[in-house]
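Subject: Structure handover

Dear colleague,

The structure you asked for is below. My notes on it follow.

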Amino acid sequence: MNIDVFTLFPDWFAWFVSQRHVSNALALGSSLECVNFRDHTPLSAGQVDDTPFGGGAGMVLRVDVVDSALRAHYGVDPVRLRDQRRVIVLSPGGRVLDEALVEELSCEPALTLLCGRYEGFDERIVEHLASDVLSVGRYVLSGGELAAMVVCDAVLRKLPGALGHERSALEESFSVALDGGPEYPHYTRPAEYRGWRVPEILLSGHHGRIEEWRRERSRERAHAAPRVGEP
Ligand SMILES: C[S@@+](CC[C@H](N)C(=O)[O-])C[C@H]1O[C@@H](n2cnc3c(N)ncnc32)[C@H](O)[C@@H]1O
């Protein structure tokens, strides 16, 4: 998979690409490249944004800047780029990322992620240059960089070899193996701590019954009432 992240803060990704599962995915043939909008702006003094028409606070990322950065990087009219690869605007109001969407994106050969800042994007970027608008949750981050990392992390760990232990990805929360439900609870040593015992079944060595117990706990969690502190 080839992922390009367009951002005003490419340095943020240096740490991210050094993380094990990301570097594994890159070593196995994927790529993650950052492109700075500012390097391709047609405006003077590195300008990339402007005040909103109609007034209001903040600055808006300009359509001519994004158009020019995409054109410079891909060498095609950006309007046609979305026929070749998913061009994803990151925005709090977009389609919320979930396991189904991660699965879908992980089957794509290439993704382009556009990170906003300040007030976000001129809407013509969404209308004419993007294929998708994606949110990592119903809250507002200061910029699209962390959102892009969330997308990259979730997608790259799906690729064969990225985790180094394939089984953990097969049976984890929202997987087909668990009928799309949350994962069952895990325990490790000590078997007892401050009187808190690990469920006996897990110490029994009965693999079939352990398997059944785990499925049951996963189903329970799927139907569980909200946990303490949740609305
Ligand atoms: C401060 S936010 C802009 C928020 C925008 N004015 C609004 O109210 O929807 C700046 C940028 O951060 C990114 N961003 C913030 N929250 C996000 C989220 N939950 N999911 C994806 N991207 C997000 C987007 O790229 C956005 O353009």
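In which loop is Thr-51 found? Thr-51 sits in the loop between strand S3 (49-50) and strand S4 (60-61). Please keep in mind throughout that this is a predicted model.

Thr-51 counts as exposed, since its relative accessibility is 54% and the exposed class begins over 50%. Leaving aside neighbours within four places in sequence, Thr-51 is in contact with Gly-58 and Met-59. Between Thr-51 and Leu-61 there are 9.1 Å in space, C-alpha to C-alpha, for a separation of 10 residues in sequence.

Overall form

The protein has nine helices and 10 strands. Its radius of gyration is 22 Å, whereas the globule rule gives 17 Å for 231 residues; the value is well over the rule, so the protein is more spread out than a compact globule. The C-alpha trace spans about 70 × 40 × 30 Å along the principal axes.

Of the 231 residues, 39% count as buried. For contacts between residues at least 6 apart in sequence, 71% join residues at least 24 apart.

One pair of residues gives an idea of distances across the model. Glu-211 and Leu-61 are 150 residues apart along the chain, and 52 Å separate their C-alpha atoms. Glu-211 belongs to helix H9 (residues 207-222) and is partly exposed, at 27% relative accessibility.

The largest pocket

The largest pocket holds about 370 Å³ of space. Its lining is made up of 24 residues, and those nearest the centre are Leu-90, Ser-91, Pro-92, Gly-120 and Phe-121. Two or more lining residues come from each of strand S5 (86-96), strand S7 (120-121), helix H6 (123-128), strand S8 (132-135) and helix H7 (144-156). S5 gives the largest share, four residues. Sorted by class, the lining contains 13 nonpolar, eight polar and three charged residues.

Is Ile-125 buried or exposed? Ile-125, in helix H6, has 0% relative accessibility and therefore counts as buried, the limit being under 20%. With neighbours within four places in sequence left aside, the contacts of Ile-125 are Leu-61, Arg-62, Val-63, Val-66, Val-89, Leu-114 and Ala-130. The C-alpha atoms of Ile-125 and Val-151 are 20 Å apart, and the two residues are separated by 26 residues along the chain.

Thr-112, in strand S6, also counts as buried, with a relative accessibility of 0%. Which residues is Thr-112 in contact with, leaving aside its neighbours within four places in sequence? They are Asp-4, Phe-6, Leu-70, Tyr-74, Arg-85, Arg-86, Val-87 and Ile-88.

Backbone points to check

- The peptide bond from Arg-189 to Pro-190 is cis, and its omega is near 0°. Pro-190 lies in the loop between helix H8 (166-170) and strand S9 (192-193).
- Ala-45 has a positive phi, near 60°, although the residue is not glycine. The loop that holds Ala-45 runs between strand S2 (31-36) and S3. Ala-45 counts as exposed, its relative accessibility being 86%.
- Tyr-118 likewise is a residue other than glycine with a positive phi, here near 55°. Tyr-118 is placed in the loop between strand S6 (110-114) and S7. With a relative accessible area of 48%, Tyr-118 is partly exposed.

Regards

Terms used:
Residues are numbered from 1 along each chain as its sequence is written. This is a predicted model: local features need pLDDT of at least 70, side-chain atom pairs count only at pLDDT 80 or more; totals for chains, interfaces and linings use all residues. Side-chain values use heavy atoms; hydrogens and water are left out. On a 1 Å grid over the protein atoms alone, a cavity is a set of points where a 1.4 Å probe fits but cannot get out, and a pocket is an open set with protein on both sides within 12 Å along at least five of seven lines; lining residues have an atom within 4 Å of a point. Grid points are joined across faces, edges and corners, and a volume is the space filled by probe spheres set on the points. Ala, Val, Leu, Ile, Met, Phe, Trp, Tyr, Cys and Pro count as nonpolar, Asp, Glu, Lys and Arg as charged, and the others, Gly among them, as polar. The radius of gyration is taken over C-alpha atoms; the globule rule is 2.2 Å times the number of residues to the power 0.38. Buried means under 20% relative accessible area, exposed over 50%, partly exposed in between (1.4 Å probe, protein chains only). Contact means heavy atoms within 4.5 Å.
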